[in-house]
Amino acid sequence: MTQGLLQWSPCHQSLSISFTIPSTKHTQLPLSISATLEPATSTQQYLTARERRQLRNERRESKAGTNWKEQVEEKLLEKPTKKFANWKEELNINNLAREGPQWWIVKVSRLKGQETAQLIARLLARNYPHIDFKVYAPAIHERKKLKNGTYSVKPKPLFPGCVFVRCVLDKEIHDFIRECDGVGGFVGALVGNTKRQITRPRPVSEFDMEAIFRQAKEEQQKAEQAFEQEQQEAALNSGLNSDDAGKSSGDSKPKRRSRKALDPLINGSSKGKNEKLVPGSSVRVVSGTFAEYVGSLKKLNRRTKKATVGFTLFGKESLVDLDVSEIVSETT
């Protein structure tokens, strides 16, 4: 069998391979096989490895818009390094004292969070008077008026089940706080291996604590505003009910009084003060539930000495019946 000639050169445009098989007793005619390989027209086939690497780096920079080497370096810098040489050092709670005073989260009962926070503060102050610590249990103090007229103040936890403690935490302080009544441990991460595992406390950053202080202050302001609005609405409703009751009792049992002595519209001493009391004028309340309120006089009844005054409260106009002696004309 005659073999064909194999020719190869990167400069040629084609590659030819041919084989010729002579005829034998089994084959009547000679057979020939030929193949042609056309090379790629791209110039990358003739580039060296260094040139291809430079071309790839340029393509990366054009797509990302920034230097890809800087991105890789930043990721390598952000990679956390090992703080401890072995797992036994990681389990040592005394290493937390190296970080200095930090805020820690203590898990307590959701129902008795305030009582547990006060207990922790008392025990730390009694047993460790030489250390500086802070115990913070964020809560909203809600005020409510009882039926007997007194006010009750009840704290509402902002983060139920959590108490924040700021101190230099070591193993002694850590174990002392864990042994307090109502404490369920510290918030942290489970570290160690199959031989021994503990929950290593995780500190809270100062930025997060400032956000918690700000949130507690805002919630307290909202609660106080809601209480004041509720008190104003209750005072308005009670004033309306008392005026209606007084008017009904006065109509049912009228009393005979000297009109000349009691009517401020007729009495000469108060005539100059109330001479401008006409419907539509601006009046000011000088006594009673709505003292120092300014409203508009809607109706004046000289026989019953009653005046209907309209006040604008919470964007709505409310009508209240008052005695003429309780209002004066508002001078502009």
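Analyst: The largest nonpolar core has 24 residues, and Val106, Leu169 and Ile177 have the most contacts inside it. Five elements each supply at least two residues of this core: β3 (102-108), α4 (113-127), β7 (162-167), α5 (171-178) and β8 (183-186). Helix α4 gives the most, with 4 residues. This is a predicted model: local features need pLDDT of at least 70, side-chain atom pairs count only at pLDDT 80 or more, and totals for chains, interfaces and linings use all residues. Residues are numbered from 1 along each chain as its sequence is written, and side-chain values use heavy atoms, with hydrogens and water left out.

User: What makes a set of residues a nonpolar core?

Analyst: Its members are buried Ala, Val, Leu, Ile, Met, Phe, Trp, Tyr and Cys, joined through side-chain atoms within 4.5 Å. Buried means under 20% relative accessible area, exposed means over 50%, and partly exposed lies in between (1.4 Å probe, protein chains only). Helices (H or I, at least four residues) and strands (E, at least two) are DSSP runs, numbered from the N terminus.

User: Why is the contact of Glu206 with Arg166 called a salt bridge?

Analyst: The rule asks for a side-chain nitrogen of Lys or Arg within 4 Å of a carboxyl oxygen of Asp or Glu. For Glu206 and Arg166 the closest N and O atoms are 2.8 Å apart, so the pair qualifies. Glu206 lies in helix α6 (residues 206-252) and Arg166 in strand β7, so the pair ties together parts that are 40 residues apart in sequence.

User: How exposed are Lys306 and Asp323?

Analyst: Lys306 is partly exposed, with a relative accessible area of 31%. Asp323 is partly exposed too, at 28%.
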